[in-house]
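Please read the following points with the model open beside you. They go from terms to the overall fold, and then to single residues.

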Amino acid sequence: MHRRAAARAALLPESKRRPRKIGTPSIWRPSSRSAWFEDLDQAIEHITAYGSQHTDAIVTEDYTRARRFLREVDSSSVMVNASTRFADGFEYGLGAEIGISTDKLHARGPVGLEGLTSQKFVVLGDGQIRE
């Protein structure tokens, strides 16, 4: 048993332990996490502490909060009122994805200015989903 799994198992009472599911690796399974927060500060703090820096979204009717979310969340894709399933290289016009990274620097060897920059994709929606 992996050290982290053992630590989690020690913290959970027997009734709450879940058996490990064998099957499709999690990287190929569709997954999503959602949470409700009392205020935007709490949400941004949570994303900063536990997020993957890949894709984060907010559902809100408040334009000011949406703009703050887009500005302060440090993820490669940030979305307002749109499905996170739009976070895809093909959807962004980059062609087929050959890999996914949350690193900010992909350079090796001599690096010019372009190699020191990273992109942040912003998706604004009105409830759209990707099927």
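1. A term first: a residue is called buried when its relative accessible area is under 20%, exposed when it is over 50%, and partly exposed in between, with a 1.4 Å probe and protein chains only. By that rule Asn 81 is buried, with a relative accessible area of 18%.

2. On the source: this is a predicted model, in which local features need pLDDT of at least 70 and side-chain atom pairs count only at pLDDT 80 or more, while totals for chains, interfaces and linings use all residues. Residues are numbered from 1 along each chain as its sequence is written, and side-chain values use heavy atoms, with hydrogens and water left out.

3. Overall layout. The protein chain has three helices and three strands, in the order α-α-β-α-β-β along the sequence. Helices (H or I, at least four residues) and strands (E, at least two) are DSSP runs numbered from the N terminus. Of the 131 residues in the protein chain, 20% are buried. A contact means heavy atoms within 4.5 Å. Among contacts between residues at least 6 apart in sequence, 51% join residues at least 24 apart.

4. The largest nonpolar core. A nonpolar core is a set of buried Ala, Val, Leu, Ile, Met, Phe, Trp, Tyr and Cys residues joined through side-chain atoms within 4.5 Å. The largest one here has ten residues: Leu 40, Ile 44, Ile 47, Ile 58, Ala 66, Phe 69, Leu 70, Val 73, Val 78 and Val 80. Two or more of these residues come from each of α2 (40-50), α3 (63-72) and β2 (77-82). Apart from this core lies another, of five residues, including Met 79, Phe 86, Ala 87 and Val 123. As background, nonpolar side chains in soluble globular proteins tend to be buried together.

5. The helix pair. Two packed helices are described by the angle between their axes and the distance between the axes. For α2 and α3 the angle is about 20° and the axes are 11 Å apart. Axes are lines fitted to C-alpha atoms, for helices over the stretch in contact, and angles run from 0 to 180 degrees between N-to-C directions. Angles under 35 degrees count as roughly parallel, over 145 as roughly antiparallel, 65 to 115 as roughly perpendicular and the rest as oblique. The helices α2 and α3 are therefore roughly parallel to each other.

6. Which residues of α2 and α3 make the contact? From α2 they are Leu 40, Asp 41, Ile 44 and Ile 47, and from α3 they are Arg 65, Arg 68, Phe 69 and Glu 72. Sorted by class, this contact has four nonpolar, no polar and four charged residues. Here Ala, Val, Leu, Ile, Met, Phe, Trp, Tyr, Cys and Pro count as nonpolar, Asp, Glu, Lys and Arg as charged, and the others, Gly among them, as polar.

7. Phe 69. This residue lies in helix α3 and is buried, with a relative accessible area of 2%. Not counting residues up to four places away in sequence, Phe 69 touches Leu 40, Ile 47, Asp 56, Ala 57, Ile 58, Val 78 and Met 79. The C-alpha atoms of Phe 69 and Val 80 are separated by 8.4 Å, although these residues are eleven apart along the chain.

8. Ile 58. Is Ile 58 buried or exposed? Its relative accessibility is 13%, so Ile 58 counts as buried. Ile 58 sits in strand β1. Leaving aside neighbours within four places in sequence, its contacts are Leu 40, Phe 69, Met 79, Val 80 and Asn 81. Ile 58 and Asn 81 are 23 residues apart in sequence and 6.1 Å apart in space, C-alpha to C-alpha.

9. Two positive phi values. Most residues other than glycine have a negative phi. Asn 81, in strand β2, has a positive phi of about 55°. Gln 53 has a phi near 65°. Gln 53 lies in the loop between α2 and β1 (55-58) and is partly exposed, with a relative accessible area of 35%.
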